[in-house]
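Student: Please show me the model. I would like to work through its pocket, its salt bridges and a surface patch.

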Amino acid sequence: MMSSSDDVRGEGSQFADQNPSELDALCPSPPGSLRTRRHYERIGTRTGTSFCQTLIHLLKGNIGTGLLGLPLAVKNAGLVLGPVSLLCMGVIAVHCMRVLVDCSHHLSAKMNRQSLTYGEAVQYGMENVSWLRRHSQWGKRTVNLFLIITQLGFCCVYFVFLSDNVKQVVEAANTTTFNCQVNGSNQTEVLVPSFDSRLYMLCFLPAFILLVFTPNLKYLAPLSLIANLVMAASLVLIYFYSIMNIKYPIDLPLVGRAKDYPLFFGTAIFAFEGIGVVLPLENKMHRPQSFPLVLYLGMGIVTFLYITLGTIGYMCFGADIGGSITLNLPNCWTYQAVKLLYCFGIFITFALQFYVPAEILIPSVVARVSERWEIAIDLLLRAVLVIFTCALAILIPELDLVISLVGSVSSSFLALIFPPILQVLTFQGEGLSPASLAKNSAISLVGLVGFLAGTYVAIEQIVARNALKRELQ
């Protein structure tokens with residue numbers, strides 16, 4: 001999340017010919033006839049990726065907008081409890097990814113299938129249990145539903161992220177200089193108020209609609225490559241500024257308030273929700289037996305980035321940290337450019353995140369119309385979905401709360417709740433140890449509690465902020 005999305009993802013920024021694996025990662029097999037399916041063919045024809053290629057795809061599939069929100073997550077948990085919790089969540093997330101891969105191997109061999117999607121793995125896992133066999137299709141449908149919720153949630157986050165950052169750049173444009181310390185402050189000073197951020201979202205809406213009208217994601221490959229490079233450069237600059245401007249002495253709470261911890265959970269699981277990229281990456285490796293090493297190395301790097309940026313960002317900006325660390329960068333052209341470059345990367349990534357719900361939802365509808373109306377209905381449905389995500393973003397224009405809500409509602413199921421249940425279904429009757437049953441129950445329980453508490457607190461905070469805004473008007 002993003003958001004990676006963002007998985008995609010998660011929330012990730014990857015496309016087309018250079019990156020076919022991430023598309024497979026987030027996209028279940030589309031329904032509908034072959035006539036309809038030709039519009040949703042996946043990009044790329046290579047059948048084997050190297051160790052390094054798979055590692056890069058895994059990193060890109062897990063690093064997105066969620067990373068920029070982690071300093072606020074650490075604030076909600078505390079300077080000590082936050083990093084420790086991120087480490088624990090990273091270990092659990094990697095374990096669940098490995099569980100998903102193991103279950104997929106077992107089920108694909110049992111069903112004589114070369115590979116399985118996440119939804120298909122859950123479907124065949126349910127077929128292992130006699131009293132669930134009749135309802136196994138609902139397993140796949142449920143996973144697809146949460147994929148749709150997650151990806152549309154990433155798209156909502158992108159609307160809010162772009163509007164907040166571009167609004168800040170516009171409002172500070174008249175006083176932006178080349179001296180990053182001119183004001184003696186490490187935060188952008190809003191000096192010329194402009195219109196509401198929701199109007200910025202409406203301004204971006206036509207551009208997003210035109211973007212998703214792209215008939216084939218491979219046409220966006222050059223822009224995607226540029227977006228990946230500028231986002232990487234932006235992260236380096238964000239790290240540099242945060243490290244160089246840590247305030248001493250550090251007087252920040254080591255443990256946050258208990259009522260804010262569910263918000264930490266939602267933001268953290270939003271960032272870690274990259275489990276959708278795991279199966280396709282493993283399936284497409286030239287030497288899939290090396291995938292566990294890729295998984296542990298890649299997710300180790302991801303967890304390190306999450307912990308360090310979350311902690312350093314909070315130490316730098318303290319209690320003033322925003323929903324995205326980019327909103328705290330100083331009022332100089334170097335860091336205003338960082339915001340705009342990251343926004344460009346997020347804008348391009350929108351097409352990939354949108355591709356997932358489009359592939360799941362649109363083919364079954366288009367299959368019901370005559371061939372002459374296919375293109376028109378396809379474009380109409382794409383436009384409606386984008387307008388829907390924009391409307392949701394306008395209803396909740398709070399970046400930190402949108403990230404936490406999406407993470408709590410959908411990412412908790414995909415990353416924490418479903419994999420342990422799948423392991424129990426897959427290996428039931430094959431001697432699963434009591435320790436494994438206890439472990440799986442504990443992980444699913446953590447995910448369920450996080451889902452309930454995170455969703456409740458996020459919605460409560462959204463209502464409270466809206467009420468406060470109405471009082472101030």
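The questions and answers below take these topics in turn.

Tutor: This is a predicted model in which local features need pLDDT of at least 70, side-chain atom pairs count only at pLDDT 80 or more, and totals for chains, interfaces and linings use all residues. Residues are numbered from 1 along each chain as its sequence is written, and side-chain values use heavy atoms, with hydrogens and water left out.

Student: Which residues are the closest to the centre of the largest pocket?
Tutor: A pocket is an open set of points on a 1 Å grid over the protein atoms alone where a 1.4 Å probe fits, with protein on both sides within 12 Å along at least five of seven lines; lining residues have an atom within 4 Å of a point. The largest pocket has a volume of about 830 Å³. Of its 36 lining residues, the closest to the centre are Gly322, Gly323, Glu398, Asp400 and Arg465.

Student: How many charged residues are in the lining of the largest pocket?
Tutor: Asp, Glu, Lys and Arg count as charged; Ala, Val, Leu, Ile, Met, Phe, Trp, Tyr, Cys and Pro as nonpolar; and the others, Gly among them, as polar. The lining has eleven nonpolar and twelve polar residues, and the charged ones number 13.

Student: Which residues form one network with Arg465 through salt bridges that share partners?
Tutor: A salt bridge is a side-chain nitrogen of Lys or Arg within 4 Å of a carboxyl oxygen of Asp or Glu. Arg465 meets Asp400 in this way, with the closest N and O atoms 2.7 Å apart. This pair links distant parts of the chain, as Arg465 is in helix H17 and Asp400 in helix H16, 65 residues apart. The network joins Arg465 with Asp400 and Glu398.

Student: Is Asp400 buried or exposed?
Tutor: Buried means under 20% relative accessible area, exposed over 50%, and partly exposed in between (1.4 Å probe, protein chains only). Asp400 has 16% relative accessibility, so Asp400 counts as buried.

Student: Which residue forms a salt bridge with Arg98?
Tutor: Arg98 is partly exposed, with a relative accessible area of 27%. The N to O distance is 3.3 Å, and the partner is Asp102.

Student: What is the relative accessible area of Glu120?
Tutor: Glu120 forms a salt bridge with Arg113, the closest N and O atoms being 3.3 Å apart. Arg113 counts as partly exposed at 31%. Glu120 is buried, and its relative accessible area is 7%.

Conventions. Grid points are joined across faces, edges and corners, and a volume is the space filled by probe spheres set on the points. Helices (H or I, at least four residues) and strands (E, at least two) are DSSP runs, numbered from the N terminus.
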